[in-house]
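Please look over the sequence and the model shown here before reading on. The report then takes up a few features, one at a time.

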Amino acid sequence: MTTQAQTASVRVQMVVEAPIERAFRVFVDDFDKIKPREHNLLAVDIEETVFEPRAGGHVYDRGVDGSECRWARVLAYEPPDRLLFSWDISPTWQVEPDPARSSEVEVRFIAETPERTRVELEHRKLDRHGENWESMRDGVASPGGWPLYLQRFADCVGG
């Protein structure tokens, strides 16, 4: 896995031993297993994280009490090659209601062989978050950010 933080974007990539269709499906269908429960904006524990598999859908956490936190909008859903979703979380780790102040996350799936897929994740336009956006960039680039998500994804693909 490699991680690269640029001015207003973070790039992480890894290769998994799986056909492209399976890699894409696992990322979406098992996102509940990929996203750590401690990454939580709710006032209660997370029961599940849902990735709605369609443009116009959302990514959200559902709490053990039934409450929901919609923290991303699915902007593009192009199986098995590409996902694009907003990052509607502010640098203070609260839901950002203004789409103009949201960044975006693009995940590309590239078949290297019929049984091997390179996954490239780019979290970009982080400067849209305004003041203290650099702390957001540093957080998502840290070992507990996108690198952790991709490692958990690889574990799901392997399992």
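## About the model

This is a predicted model, in which local features need pLDDT of at least 70 and side-chain atom pairs count only at pLDDT 80 or more, whereas totals for chains, interfaces and linings use all residues. Residues are numbered from 1 along each chain as its sequence is written, and side-chain values use heavy atoms, with hydrogens and water left out.

## Two helices that cross

Two packed helices are described by the angle between their axes and the distance between the axes. Here helix α1 (residues 20-29) and helix α4 (residues 146-158) have axes that come within 10 Å and cross at roughly 120 degrees. Helices are DSSP runs of H or I with at least four residues, strands are runs of E with at least two, and both are numbered from the N terminus. The axes are lines fitted to C-alpha atoms, for helices over the stretch in contact, and angles run from 0 to 180 degrees between N-to-C directions.

That angle makes α1 oblique to α4, since angles under 35 degrees count as roughly parallel, over 145 as roughly antiparallel, 65 to 115 as roughly perpendicular and the rest as oblique. On the α1 side the contact (heavy atoms within 4.5 Å) is made by R22, A23, V26 and F27, and on the α4 side by L150, F153, C156 and V157. By class, this contact has 7 nonpolar, no polar and 1 charged residues, where Ala, Val, Leu, Ile, Met, Phe, Trp, Tyr, Cys and Pro count as nonpolar, Asp, Glu, Lys and Arg as charged, and the others, Gly among them, as polar.

Strand β4 (residues 58-63) and strand β5 (residues 68-78) run antiparallel and are joined by 5 bridges; two strands pair if DSSP finds at least two bridges between them. H58 stands opposite R73 in β5, and the hairpin of β4 and β5 has 4 residues between the strands, with G66 in the turn showing a positive phi of about 95 degrees.

β5 is also joined to strand β6 (residues 82-87), in an antiparallel arrangement with 4 bridges. V74 has F85 in β6 as its bridge partner, and a hairpin of 3 residues joins β5 to β6.

## Two single residues

A8 lies in the loop between β1 (2-5) and β2 (10-16). With 18% relative accessibility, A8 counts as buried (under 20% relative accessible area, with exposed over 50% and partly exposed in between, using a 1.4 Å probe and protein chains only). Leaving aside residues up to four places away in sequence, A8 touches H123, R124, K125, L126, D127 and W133.

G139 is placed in helix α3 (residues 133-141) and is partly exposed, with a relative accessible area of 27%.
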